[in-house]
Amino acid sequence: MENIDKPKVAAENWTHIVGPGENINAGLLTRLQKPNRKIDVVLDTDTFNEIDDQFALAFLIKSDEKLNLKGIYAAPFFNQNSSSPADGMEKSYNEIFNVLTLMKRDDLKPLVKRGSFRYLPSETEYVDSDAAKSLAELAMQYSPDRPLYVVGIGAITNVASAIIMKPEIIDRIVIVWLGGSALHWPDNMEFNISQDVAAARVIFGCGAAMVQLPCMGVVSSFTTSGPELEYWLRGKNDLCNYLLDVTTKAANHDSGISTWTRVIWDVTAVGWLLDGDFMNDRLEHCPIPEYSHRYSFDNRRHLYRYVYHINRDNLFKELFEKLARN
């Protein structure tokens, strides 16, 4: 694995401080409100890492009453399911096509782009990829009052690269990211953020409108079980059977016990954009992800939206009903 703790270029360019007497950016606050209209969305996903990405991708596609999908980007990851970040990205790229085939959505396949083959080398150097270039170019078609929504459910390398590549997009996007731990959690050793701390520091510090769904301590409550999945998904369609089978296989392998439950983390990032009583959030000053895998805090920093509670039953009901639709 790449050494994520090696010295990086300082992030002076990505530290937005609100000085004494300075007005808080009204446009930022507007973009931090949940959208009340149909919106354009891209999804950045390490789809082969865990089964929850497949749930999230399908959930987004089946939420087309509110979400208009404009791009699907494969994110890098490196764990027991890949031999390198590049291999993880390539496997995720292929898994996206697998999900689209199961959903009979060949029309969406041109939207899929390969992402970064490595993590950021520093906070001021992007990694060139089709995904980063696509996002940078696409976001320039939007405006501060009609932004593009960027849902991230993996290492945030592609999104940070697009911002470094084209800083003009900062006021044209809203980043909804599942990553990091809760602000009260004793460490920040969460998979998405710890893979590429430099990228996380870019998105937390650049001043873009951002919604964070923390994993441990918040979204870790969003769990399901084998019997529940069997009841809601079995026999509904090819996609549901696939999600059920691979989730059960992974859970049995990881837990080794029959009474397992499984966190389906990534669904919540999509859920924040939808209409319904799915979660609670509040405005906070944007924290600083440190290379020591902790947050530091500065109340002069710009605001972001922090999700602190998931209404588990409401969101699972919405998910299961949409997945079961043909």
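Student: Which residues in H2 meet which residues in H11?
Tutor: In this predicted model, Phe55, Ala58 and Phe59 of H2 meet Leu315, Glu318, Leu319, Lys322 and Leu323 of H11, where contact means heavy atoms within 4.5 Å and helices are DSSP runs of H or I, at least four residues, numbered from the N terminus. By class, this contact has 6 nonpolar, no polar and 2 charged residues, with Ala, Val, Leu, Ile, Met, Phe, Trp, Tyr, Cys and Pro counted as nonpolar, Asp, Glu, Lys and Arg as charged, and the others, Gly among them, as polar.

Student: How do the axes of H2 and H11 cross?
Tutor: Two packed helices are described by the angle between their axes and the distance between the axes. The axes, lines fitted to C-alpha atoms over the stretch in contact, with angles from 0 to 180 degrees between N-to-C directions, come within 10 Å and cross at roughly 75° for H2 (residues 52–61) and H11 (residues 312–323). H2 and H11 are therefore roughly perpendicular to each other, a label for angles of 65 to 115 degrees.

Student: What is the pLDDT over residues 1–11?
Tutor: Where pLDDT, the predictor's confidence in each residue from 0 to 100, is low, the predicted coordinates should not be read in detail. The protein chain averages a pLDDT of 93, and 91% of the residues score at least 70; over residues 1–11, however, the pLDDT is below 50. Local features need pLDDT of at least 70, side-chain atom pairs count only at pLDDT 80 or more, and totals for chains, interfaces and linings use all residues. Residues are numbered from 1 along each chain as its sequence is written, and side-chain values use heavy atoms, with hydrogens and water left out.

Notes: Helix = DSSP H or I, 4+ residues; strand = E, 2+ residues; numbered from the N terminus. Parallel < 35°, antiparallel > 145°, perpendicular 65-115°, else oblique.
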